[in-house]
Amino acid sequence: MRNLKLDRIDRMLLEALQQDARLTTAELAELVNLSPSPCARRIRRLEQAGLIKRYRAELDKSLLGLVVTTFVQVRLGHHQQEWVEQFEGTVRSMPEVIQCHSVSGHFDYLLQVISTDIDGFEQWLRKFRQLKEVSVVDSSLAIRAIKESGALPLPAE
């Protein structure tokens, strides 16, 4: 994948798909000034190269009642492989955790947790703190989102 050369049209296609993955091949082709067949081939090449991993819908959190976002920093009690794997497996199974990153610094992990209200977060936190792998938890409530585009910056030519 690292050897895949992206030209101006590839970048335009990727940017357009990041903004609206429901665009048809014909709409994309018109946007980048190609005919539909070469446009479809380019998209297929980007998919086969693994650059486009999947297509999905972005849902409106507030309309689903998921209005509380919390960032949770976690330190494990032990760092043996078994504990790390157990913790990461447990976190992967929690629908409230929408992102989890292994991080450097004072903590081992940074989680983004979403819930309907503070009581929902507290219930999740009470269960989370009972995990044997968890030693220290620190959380910060998000007041408001400044940027949540999710779109990746594309490298220049």
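Trainee: Which residues in helix 2 meet which residues in helix 3?

Mentor: Some ground rules before that: this is a predicted model, where local features need pLDDT of at least 70 and side-chain atom pairs count only at pLDDT 80 or more, while totals for chains, interfaces and linings use all residues. Residues are numbered from 1 along each chain as its sequence is written, and side-chain values use heavy atoms, with hydrogens and water left out. Helices (H or I, at least four residues) and strands (E, at least two) are DSSP runs, numbered from the N terminus. Contact means heavy atoms within 4.5 Å. Now your case: on the helix 2 side you have Thr 25, Ala 26, Leu 28 and Ala 29, and they meet Pro 36, Cys 39, Ala 40 and Ile 43 of helix 3.

Trainee: How many nonpolar, polar and charged residues does the contact of helix 2 with helix 3 have?

Mentor: The classes go like this: Ala, Val, Leu, Ile, Met, Phe, Trp, Tyr, Cys and Pro are nonpolar, Asp, Glu, Lys and Arg are charged, and the others, Gly among them, are polar. Here that gives seven nonpolar, one polar and no charged residues.

Trainee: At what angle do helix 2 and helix 3 pack?

Mentor: Axes are lines fitted to C-alpha atoms, for helices over the stretch in contact, and angles run from 0 to 180 degrees between N-to-C directions. Under 35 degrees is roughly parallel, over 145 roughly antiparallel, 65 to 115 roughly perpendicular, and the rest oblique. Helix 2 and helix 3 pack at about 100°, with axes 9 Å apart. That makes helix 2 roughly perpendicular to helix 3.

Trainee: Let's turn to aromatics. How many aromatic pairs are there?

Mentor: Rings of Phe, Tyr and Trp (its six-membered ring) pair if their centres lie within 6.5 Å; planes under 30 degrees apart are stacked, over 60 edge-to-face, and the rest tilted. By this rule there are four aromatic pairs. Take Phe 87 and Phe 128: they are edge-to-face, 6.1 Å centre to centre with 70° between the planes. This pair links distant parts of the chain, with Phe 87 in helix 4 and Phe 128 in helix 5, 41 residues apart. Phe 87, Tyr 109, Phe 121, Trp 124 and Phe 128 form one aromatic cluster.

Trainee: Are Phe 87 and Phe 128 buried or exposed?

Mentor: Buried means under 20% relative accessible area, exposed over 50%, and partly exposed in between (1.4 Å probe, protein chains only). Both Phe 87 and Phe 128 are buried.

Trainee: Is Ser 115 buried or exposed?

Mentor: Ser 115 has 7% relative accessibility, so it counts as buried. Ser 115 sits in strand 3, whereas Thr 116 is in the loop between strand 3 and helix 5. Thr 116 is partly exposed, at 42%. Thr 116 and Gly 65 are 51 residues apart in sequence, yet 5.4 Å apart in space, C-alpha to C-alpha.
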